[in-house]
Amino acid sequence: MRAKHTLIELVVKWLNREHPPSEIPLSDFERVRYEIKPGDVILVEGRTRVSEVIKLLTQSRWSHAALYLGRLHEINHPMSRERVKSFFDGQPDVQLIVESELGKGTIVRPLTFYDRDHIRICRPRDLTYRDMQSVVNYAISRLGSDYDIRQIFDLARFLFPWRVMPRRWRSSIFQHNIGLATKTVCSTMIAEAFASIQYPILPLVKRNDQNEVKVYRRNPKLCTPSDFDYSPYFDIIKYPFIDYSKAKPHYRLMPWTREGILKSHEEGQYITDKKPSSPTQ
């Protein structure tokens, strides 16, 4: 067992090795952190080896997902707040996220952890405040859960030539019964949180012989980060680091009247560029 544990640690360390961030990231983090709201899903273009495998499998740049909790006072349930405190020893005004990470399990950390990464916001459309809190509470309840190592071994196999591998070694990543109920991966945990309120991500829609529409919930264990990007039920919000689409903020384009004649009772309430006349000598 010790040898197995050591092997797992070595594989996890190898898969988690990351290359440094870009000197200038693609995202404007300050605008993202100002826009983000509790219950939003954050997609991350990861920089680790395991991220590259996930990108290859999903044919997407997004390899990781996290759920934004907000600041501590924005978590409505007292027990959830206390649980977050037990996992995060920081200031109460820090913007927090919850995520599942290889080698660490489900953890809570500051949003600023991704201030140098390419990220975007996926916002669940028309989510009520009450249901948002339910999603947040579910994610917090998963804090401390292990990461599903079996899926990572499956992912690691994709780093080797497919055809030279024995069939019994080939990946089972998209089978339905993956891992134990107490284990999870990043997007699975978030998909389960939304499934707890029956919020759709990528449901299966079919029409039967009676021309009736049937909607089936997808297995959360099959959810990948790119599914939130692709889902029609999530709005995509992105702020590029360099944005040429708007030369000025909209409020800078207000057609303020610089000159004009104000009535006597308006002069103290409104501003023009007209200079007051010099007092008579």
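What is the phi of glutamine 59, the residue that follows helix 3, positive or negative? It's positive, near 55 degrees. I'll come back to that helix in a minute.

First, some housekeeping. This is a predicted model, where local features need pLDDT of at least 70 and side-chain atom pairs count only at pLDDT 80 or more, while totals for chains, interfaces and linings use all residues. Residues are numbered from 1 along each chain as its sequence is written, and side-chain values use heavy atoms, with hydrogens and water left out.

So, confidence. pLDDT is the predictor's own confidence in each residue, from 0 to 100. The protein chain averages 81, and 79% of the residues score at least 70. Helix 5, residues 129-141, has the highest confidence at 97, and helix 6, residues 149-157, the lowest, at a mean of 56. Helices here are DSSP runs of H or I with at least four residues, strands are runs of E with at least two, and both are numbered from the N terminus. Then there's the stretch 173-181, where pLDDT stays under 50. The model has 20 contacts beyond four places in sequence for those residues, a contact being heavy atoms within 4.5 Å. Where pLDDT is low, the predicted coordinates should not be read in detail.

Two strands pair if DSSP finds at least two bridges between them.

Look at strand 1 (residues 41-44) and strand 5 (residues 119-124): they run antiparallel and are joined by four bridges. Leucine 43 has arginine 120 in strand 5 as its bridge partner.

Buried means under 20% relative accessible area, exposed is over 50%, and partly exposed is in between, with a 1.4 Å probe and protein chains only.

On to charges. There are twelve salt bridges, meaning a side-chain nitrogen of Lys or Arg within 4 Å of a carboxyl oxygen of Asp or Glu. Glutamate 45 and arginine 61 make one, at 2.6 Å, N to O. Glutamate 45 sits in the loop between strand 1 and helix 3, and arginine 61 in the loop between helix 3 and strand 2, so the pair ties together parts 16 residues apart in sequence. Glutamate 45 counts as buried, at 15% relative accessibility.

What does arginine 120 form a salt bridge with? With aspartate 229, the closest N and O atoms being 2.9 Å apart. Arginine 120 is in strand 5 and aspartate 229 in helix 8 (residues 225-230), so this pair ties together parts 109 residues apart in sequence. Arginine 120 is buried, at 12%, and aspartate 229 is partly exposed, at 24%.

Last one: Glu99, Glu101, Lys104 and Arg109 are linked in a network of salt bridges.
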